[in-house]
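Me: I have a structure open and would like to work through it step by step. Can we go one question at a time?

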Amino acid sequence: MTATTPIPEVYILWHSDCQLGELFAKRIHAWLRPGNGLGPEVFYRCLPAPGETERGLPLPIPGESRGTSRFAHSSTNLQILIPLIDANLIADSLWREWLKKLADVESLIALPVALDATAYNVAGGLRSLNFLRPAGLPLAADPKPEMLEAAVRSMLKQLTESLCRLMLHRGQVQTGGTDMAGPKLKIFLSHAKVDGVEPARRLRDYIYSKTQLAAFFDENDIAYGRSFAEIIETDLAAHETAAMIAVRSSMYASRPWCRRELSLFRRPRRLTDDSELVQRWQLHPTLVVDALTADGETLGIPELGNAPCLRWESLPDREEVVITSLLRDVMLASFHTALGSAAAKHATAGSVVINWLPDPLSIMHIPEARQVGGDFEVVYPGRGLSGVELDILWETFPHITFRSFDDILS
Amino acid sequence: MNTPNTKYRSNQSVDRLIAFSISYQRENLLARGVGLEHLREFMLGIARPLLRQGASLAYGGSWAQMEGNFTYDLLELIKAEQEDNSIQGPDTSFPIGSLYNHVAWPYYDSITPEIEAQWVNCCRIIRVTQEEAGFREDEILGPAGSDSDSNSDRIVFNRAYVLSAMRRIMSEGCDLSLPALGHQAFVPGVAARIVIGGKVDGYAGMMPGFFEETLHALRRGIPLYILGGFGGGGEVLAKGLLADAGATVPELGFDHHRRETPDVACINELCGKFRKPAGFTPESLFDELGSAIDNAAANFPRSLSNGLSEDENRLLLTTSDINEARRLVRMGLNQNFNMSRLAE
């Protein structure tokens with residue numbers, strides 16, 4: 001067992017005869033890298049490496065004893081292997097043995113995906129792992145698009161939850177192909193009692209019935225007389241509350257406690273102390289569920305900043321979509337916190353490294369940002385903001401230059 | 001720290017045209033652990049900061065909506081950058097670059113006015129005609145499909161020379177002024193070229209397009225970034241550049257292409273049947289390419305003129321790590337053009 005801060009890169013592996021493999025791999029790539037350079041690097045292993053025979057093996061995975069680690073990103077220290085296992089792979093002795101060997105690689109964590117029932121015939125250490133089992137598989141020969149989409153969504157949901165759990169247990173990562181387990185992630189459900197209970201209750205029920213997460217739903221979960229602020233502060237300090245869902249109903253903006261919850265949760269926390277030349281800050285992700293009704297109007301909520309938003313009424317399988325999207329954001333935030341540690345080593349003294357995409361209000365919480373003069377840099381995840389976002393930030397903070405992780409690390 | 005009025009954009013590269021020789025070949029990329037997504041990320045990761053420096057882009061992709069055609073990716077990027085630049089923010093007075101799409105006869109016949117009009121603010125289409133390739137009036141053919149099968153040799157022959165003229169014009173630049181209206185417009189020649197992938201057989205011209213574009217760059221000392229670790233034409237060119245003195249790379253020779261791409265043998269023979277509008281043949285172009293590659297191999301910083309050292313060029317010619325390749329290209333562009341950092 002090794003104790004490290006994981007900065008993972010992902011390797012998706014599928015047999016070249018597997019019909020679903022490439023489609024699933026592309027969907028995983030798109031899901032894990034949703035923005036401009038956000039998320040972990042994702043690479044493929046399918047066709048034989050250059051110079052190999054027609055039925056030869058793909059390029060090795062970094063850390064594999066077969067040879068080169070040339071695909072390893074300089075900032076990563078953990079390889080996550082996602083083998084998409086089907087009968088083609090199991091029946092191919094070369095691939096079966098390769099997978100068996102990979103399960104023994106110290107620096108790899110494997111999250112095997114069973115595309116059909118033969119997947120469990122895999123050899124070696126992978127056999128003992130808890131496979132991801134996308135619903136609806138195996139598919140018929142010529143599946144309807146909606147069947148295929150349901151299988152993909154099911155896979156992404158399970159994968160997201162596994163990756164999220166893995167990323168949040170920094171310093172407790174077990175490597176060597178073993179399964180991941182740990183304390184449950186907690187989702188805080190912020191809602192107005194007067195008109196936002198129904199989505200919040202449905203999300204809570206989904207969390208407890210369909211996931212391995214925990215929900216914080218204040219109707220039940222705040223002990224009488226205990227300060228709400230104290231609970232959030234305690235949970236955040238203990239890295240327990242992973243994320244917030246703000247159910248934005250018509251009355252949400254006018255409820256003082258809802259605004260207070262949101263304000264507390266959307267307040268970045270400093271990770272470094274005064275002795276360090278580069279500050280690092282962290283913001284836990286918030287997902288807005290838009291539950292506004294067609295009639296009436298409501299106030300804007302500046303504390304939401306650039307938090308992503310999903311519309312409750314228009315979503316199919318809405319609970320699943322909301323929770324899976326939020327978990328993806330939790331995983332990304334954790335990844336960007338870890339990558340920020342690497343970026344901080346390359347940043348100039350006085351810089352501030354953050355784990356979220358900046359917006360004016362979230363940056364305003366950083367004391368230096370509120371001071372006039374004293375130019376410094378804010379380093380943020382990804383490969384860069386849009387021009388209009390940079391312009392707005394420049395006008396708000398003329399003394400700050402915003403630079404991306406990619407700009408710093410490359 | 002940047003000066004206050006040039007924090008995220010500038011006009012430092014406003015007259016520069018950066019060309020992408022980039023093509024998607026599924027098997028080549030998958031064998032190297034990447035896919036179309038990675039190639040798109042690579043290209044956009046280079047293109048966006050260039051546009052914000054005012055540079056324009058050259059990409060000879062088609063206008064068909066199909067996998068692996070990056071024309072619309074670039075157009076959408078340019079459109080978004082232009083929209084962001086239109087809000088009169090702190091440094092939005094600098095123009096965003098645009099796309100130059102050089103298209104040869106007869107391929108431009110399929111570009112409709114509707115397509116051109118839709119993207120007119122993002123893209124300038126430069127049609128290269130048979131006249132511009134040097135054909136006389138009696139040698140010129142009509143629009144695609146209007147000539148009889150008996151003219152098929154002439155079609156293949158003319159098309160090849162127009163494609164070559166298009167690549168030359170792209171390298172040199174051209175004048176699109178409208179004197180009658182007192183309107184002046186010049187398209188700059190290519191200031192740097194980035195080569196990744198590329199078909200090496202089954203092509204339509206004198207030689208693979210990537211080879212001919214590379215030859216023009218080497219002739220004119222245009223900075224050249226050849227990514228050899230992703231297969232296709234880029235890998236073949238890299239092999240040639242890295243080969244030991246005296247060693248030959250068959251895929252860079254005319255004999256190989258005469259065997260593998262029948263049209264090339266045909267064009268070479270037709271050079272004895274029809275008047276040549278320019279002084280070269282496929283065979284002579286391959287010979288020239290071979291010599292240019294041999295000469296370039298002696299000193300990469302001088303021959304490739306791309307701001308990278310010998311070792312950095314060797315890495316760019318061999319790496320299959322697309323992030324490392326992107327880092328090297330950006331580094332070279334920064335150093336070569338003395339740009340402020342290509343901030344994104």
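Me: Is R383(A) buried or exposed?
Reply: This is a predicted model, and its values are computed from it. The cut-off for buried is under 20% relative accessible area. R383(A) has 3% relative accessibility, so R383(A) counts as buried.

Me: Which residue forms a salt bridge with R383(A)?
Reply: Some background comes first. Side chains of opposite charge can pair when their charged atoms come close. For R383(A), the closest N and O atoms of the pair are 2.9 Å apart. The pair crosses between chains, starting from the loop between β14 (376–380) and α12 (387–396) of chain A and ending in helix α2 of chain B. The partner is E41(B).

Me: Which residue of chain A meets E41(B) in a salt bridge at 2.9 Å, N to O?
Reply: R383(A) is one partner of E41(B). A salt bridge also joins the side chain of E41(B) to another side chain of chain A, at 2.9 Å, N to O. That residue is R33(A).

Me: How many salt bridges are there between chain B and chain A?
Reply: Over all chains, the structure holds 42 salt bridges. The pair of E41(B) and R383(A) crosses between chains. Between chain B and chain A the count is eight.

Me: Which residues do salt bridges that share partners join into one network?
Reply: E41(B) pairs with R383(A). E41(B) also pairs with R33(A). Shared partners extend the network to both chains. Its members are R33(A), E41(A), E377(A), R383(A), R403(A), D406(A), D407(A), E41(B), R326(B) and R330(B).

Me: What area is buried between chain B and chain A?
Reply: The size of an interface is often given as the accessible area lost when the parts come together. Here the contact takes 37 residues from chain B and 41 residues from chain A. Carbon and sulfur atoms give 49% of the buried area. That area is about 3,400 Å².

Me: Which helix gives the largest share of the side of chain B that touches chain A?
Reply: Across this interface, 21 residue pairs are in polar contact. On the chain B side, α1 (26–30), α2 (36–52) and α13 (322–336) each supply at least two residues. By class, that side has eleven nonpolar, nine polar and 17 charged residues. The largest share, six residues, comes from α2(B).

Me: How many residues apart are E310(B) and R314(B)?
Reply: Their side chains meet in a salt bridge at 3.4 Å, N to O. E310(B) is partly exposed at 23% relative accessibility, and R314(B) is partly exposed at 37%. Both lie in helix α12 (residues 310–318) of chain B. About one turn of the helix lies between them: four residues.

Me: Is K157(A) buried or exposed?
Reply: K157(A) sits in helix α4 (residues 145–168) of chain A. Leaving out residues up to four places away in sequence, K157(A) touches Y206(A), K210(A), E320(A) and T324(A). Its relative accessibility is 17%, so K157(A) counts as buried.

Me: Which residue's side chain makes a polar contact with the side chain of E303(A)?
Reply: E303(A) lies in the loop between β11 (286–290) and β12 (309–311) of chain A. E303(A) counts as buried, at 13% relative accessibility. Residues touched by E303(A) include L262(A), S263(A), R266(A) and L361(A). The polar contact, at 2.6 Å, is with R259(A).

Me: Which strands stand at the edges of the open sheet in chain A?
Reply: Five strands form this sheet, in the order β9-β10-β13-β14-β15, and the pairing is mixed. Inside that order, three bridges join β10 (residues 279–282) to β13 (residues 352–354), which run parallel. An edge strand has a single partner strand, so one side of each is left without a neighbour in the sheet. The edge strands are β9 (269–270) and β15 (400–404).

Me: What is the bridge partner of K186(A) in β7(A)?
Reply: Four bridges join strand β6 (residues 186–190) of chain A to β7(A), and the two run parallel. Both faces of β7 (residues 214–217) are covered. A214(A) and F216(A) are buried on one side, A215(A) and F217(A) on the other. The partner of K186(A) is A214(A).

Terms used. Residues are numbered from 1 along each chain as its sequence is written. Chains are lettered from A and ligands numbered from 1 in the order in which they are written. This is a predicted model: local features need pLDDT of at least 70, side-chain atom pairs count only at pLDDT 80 or more; totals for chains, interfaces and linings use all residues. Side-chain values use heavy atoms; hydrogens and water are left out. Contact means heavy atoms within 4.5 Å. Buried area is the accessible area (1.4 Å probe) that two parts lose on being put together, summed over both. A salt bridge is a side-chain nitrogen of Lys or Arg within 4 Å of a carboxyl oxygen of Asp or Glu. A polar contact is a pair of N or O atoms within 3.5 Å; within protein, one must be able to donate a hydrogen and the other to accept it, and residues adjacent in sequence count only if both atoms are side-chain atoms. Ala, Val, Leu, Ile, Met, Phe, Trp, Tyr, Cys and Pro count as nonpolar, Asp, Glu, Lys and Arg as charged, and the others, Gly among them, as polar. Buried means under 20% relative accessible area, exposed over 50%, partly exposed in between (1.4 Å probe, protein chains only). Two strands pair if DSSP finds at least two bridges between them.
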